[in-house]
Amino acid sequence: MLLTGDVRTFDLVIIGTGSGNSILDPRFKDWRVAVVEKGTFGGTCLNVGCIPTKMFVHTADLAATPAESARLGVDSTLDGVRWAEIRDRIFGRIDPIAAGGREYRKSHADNSNVTVYEGVGKFTEPKVLEVTLADGTKETITAPKFVLAAGGRVTTPDVPGLAEVGYETSDTIMRLEQLPKKLTILGSGFVAAEFAHVFSSYGVDVTVIARSGALLRSEDDDISERFTALATRKWDVRLDRKTVRAERDGDVIRLHLEGPSGAETVESDVLLVAVGRTPNSDILDAKAGGIAVDPTGHVIVDEYQRTTVDGVYALGDISSPYELKHVANHEARIVQHNLLHPENAKAADHRFVPHAVFTSPQIASVGLTEREAAASGRRYVVAEQAYADIAYGWAMEDTSGFVKLLADPASGQLIGAHIMGPQAASVIQPLIQAMSFGLRADEMARGQYWIHPGMPEVVENALLKLVLD
């Protein structure tokens, strides 16, 4: 490598080994590349996010089946949950992948042009990064091109006593030594909803504490309201609660709350804090690198994923308010292309970004909520279809699932789709496709066959109910 004084010079520095790690392919074999990683190779999704959580959700769905089957005439029982076996099977598959990715980047012949720095990087000036290694030593590196893919981290609320009681986060709770008897979840978003489903399905007594009057309040109001109503039947849901302080009494964690009826307490043997995530731009000291950051801490990028410093790109959770793996992967492909072909840059497409919540029932959404559509002042029409009113939903005796669609009545284009019910994350895909490729709702409904009786008929029937100009 080239040396300039005490600064080691590369052609490209990539910070983070989640989606950023996927940028390097054989087209970069002649580039001198540095990869900087402060944690476990593979990033949030592989190690503490979407992959392990969905593996736990799958086992939770299985554990919850006996309780649902009796009303359909199938008597089965849940004999037990072998927590250690569930945990070790999951991480016994994931941990080797992370370790293999690290070893591949550090030692494989394909990566002879790549230098891996395992440590915390901080900008000291534009395009100059000081990396503090595990042994405390520091190295300074620079390059004309940087990619910031350093992700985010869990947020801790400012609650007196919280730091002293010993709480879990989404990073740690999946590796508990044993299953708790009682779990309190502080938070009301998708992380809280998914873990509430997982642990309650395993037989844990779950309490969910929400600051607001509903769970999943960023979803469409109809989704949020109906899910909250269902959740209160399964879990001890405390809405409109302020967490005043936390304390530990032996093996018991006690939260002191203020709610509509005054002061109250909640006790459990494990506390999960799930109130959100924070971009890691401050850890990188992006501002010292001349890189603009918005008030939420996200690195500011343009449509080409370029930051405010020429040659510096950002992708994924450090710059994206969506904070979704499929968005990070898309942005990584955009950055990869723009690094290789700066004269023919491509823009990222964030028009129709879907998401799903793997709780019970599943939830999936893309586009505008009705609240957002109304606030925009645009014309729109709405249609809803219950799972119970299609053949497959009727066969399952589903009582809560539904599809809600919003469309522009003049153009016939869908502008929002929201689903709560079985396999929502899969059922929504044709709607994402229609929005992405500009297919009119009426053409989508009538221009193809829909298998009967299949789950997607719930989408077909919702489309048919839209009243267009």
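Let's begin with residues 353-462, where the chain is 35% helix and 25% strand, with its end C-alpha atoms 21 Å apart. Helices here are DSSP runs of H or I with at least four residues, strands are runs of E with at least two, and both are numbered from the N terminus. UniProt, in an unreviewed entry, places "domain: Pyridine nucleotide-disulphide oxidoreductase dimerisation" at these residues; such annotations may be inferred rather than shown by experiment.

A word on the source: this is a predicted model, so local features need pLDDT of at least 70 and side-chain atom pairs 80 or more, while totals for chains, interfaces and linings use all residues. Residues are numbered from 1 along each chain as its sequence is written, and side-chain values use heavy atoms, leaving out hydrogens and water.

Five strands form an open, antiparallel sheet in the order 19-20-23-22-21, where pairing takes at least two DSSP bridges between two strands. Strand 19 (355-357) and strand 21 (381-386) are at the edges with a single partner strand each, so one side of each has no neighbour in the sheet. Strand 22 (residues 402-407) and strand 23 (residues 414-420) pair over six bridges, and Leu-406 has Gly-416 of strand 23 as its bridge partner.

Which helix packs on the sheet? Helix 6 (residues 221-234) does, touching strand 20 (363-367), strand 21, strand 22 and strand 23; contact means heavy atoms within 4.5 Å. Its direction makes about 5° with that of strand 23, using lines fitted to C-alpha atoms, for helices over the stretch in contact, and N-to-C angles from 0 to 180 degrees.

Next, helix 5 (residues 190-201). Nine of its 12 residues are buried, so the rest of the structure largely encloses this helix. Buried means under 20% relative accessible area, exposed over 50%, partly exposed in between, with a 1.4 Å probe and protein chains only. Just after helix 5, Gly-203 takes a positive phi of about 100°.

Finally, the aromatics: the whole structure holds 10 aromatic pairs. Trp-83 and Phe-199 have ring centres 5.6 Å apart and planes at 35°, so this pair is tilted. Centres must lie within 6.5 Å, with the six-membered ring used for Trp; planes under 30 degrees apart are stacked, over 60 edge-to-face, the rest tilted. Trp-83 sits in helix 3 (residues 83-107) and Phe-199 in helix 5, 116 residues apart. Phe-199 is buried at 1%, and Trp-83 is buried at 5%.

Notes. Expected span 1.5 Å × (residues − 1).
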